[in-house]
Amino acid sequence: MERDDRTPGLKRFFQKLTLLCFQQLLIDNMPVADYVSSLLARFACTDQLYKIKNALGEKVEYMVDFMSEANSAIDLQNDRFSPFREREIRQHIGDYTLFMTGIFRDCVVKGSSLKYYMDQGKYSYSTVSEFDRLAEKQGAEVFQDLSSRFEYYSWVLDYMKKVYFKDASVIGPYRASIQSLAEW
């Protein structure tokens, strides 16, 4: 699993919030909760949200371009051929689509892309899981679970956003929970 030690306080914040949401929704899956909290902490830095670069070294910002980069990484005729690069891009696509369909679901729905994002996220996590399983890497089961229950985890992030990421005047009874999480 990828770790980002640049934001340990942010990671703790998201870990506590993710665990709280998992508990409230009766989800008992610590490895996925840990992965999701790491993803949220990583993507709090926009440079991580758009970390994939194209052949010109420009950051990739759109799903169609993420897909193009993933396809070029497995094209034997392409000088950028690399199954390891494809795995990295597929993990990023899974993470990006989970983040967007969870935290920014309204934007994805507004663009009529929810099903497409869900399908690409599931497929990408499945690809990563299979790659890691064949390479005998730890964590393959986390990606398989993220793939098979993608909609479910996306909904958890949507729940998190709706319950905990509201304007302070709208939070109501959850305000104390958020303040205690921030102080933790």
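Student: What should I know before we start?

Tutor: This is a predicted model, where local features need pLDDT of at least 70, side-chain atom pairs count only at pLDDT 80 or more, and totals for chains, interfaces and linings use all residues. Residues are numbered from 1 along each chain as its sequence is written, and side-chain values use heavy atoms, with hydrogens and water left out.

Student: How many helices and strands does the chain have, and what makes something a helix here?

Tutor: The chain has eleven helices and zero strands. Both are DSSP runs, numbered from the N terminus: helices are H or I with at least four residues, strands are E with at least two.

Student: Why are α1 and α2 called oblique?

Tutor: Their axes cross at roughly 135 degrees and come within 8 Å. Axes are lines fitted to C-alpha atoms, for helices over the stretch in contact, with angles from 0 to 180 degrees between N-to-C directions. Under 35 degrees is roughly parallel, over 145 roughly antiparallel, 65 to 115 roughly perpendicular, and the rest oblique. So α1 and α2 count as oblique.

Student: Which residues make that contact?

Tutor: Contact means heavy atoms within 4.5 Å. On the α1 side, the residues include Leu-10, Phe-14 and Phe-22, and on the α2 side they include Met-30, Val-36 and Leu-40. By class, the contact has ten nonpolar, four polar and two charged residues. Ala, Val, Leu, Ile, Met, Phe, Trp, Tyr, Cys and Pro count as nonpolar, Asp, Glu, Lys and Arg as charged, and the others, Gly among them, as polar.

Student: What makes Arg-105 and Asp-158 buried or exposed?

Tutor: Buried means under 20% relative accessible area, exposed over 50%, and partly exposed in between (1.4 Å probe, protein chains only). Arg-105 has 14%, so Arg-105 is buried. Asp-158 has 4%, so Asp-158 is buried too.

Student: Where do Lys-161 and Asp-106 fall on that scale?

Tutor: Lys-161 has 17% and counts as buried, whereas Asp-106, at 52%, counts as exposed. Their side chains meet in a salt bridge at 3.5 Å, N to O.

Student: And how do Lys-137 and Asp-132 do?

Tutor: At 3.9 Å, N to O, their side chains meet in a salt bridge. Lys-137 has 41%, so Lys-137 is partly exposed, while Asp-132 has 1% and is buried. Salt bridges that share partners join Arg-87, Asp-132 and Lys-137 into one network.

Definitions and conventions: Salt bridge = Lys/Arg side-chain N within 4 Å of Asp/Glu carboxyl O.
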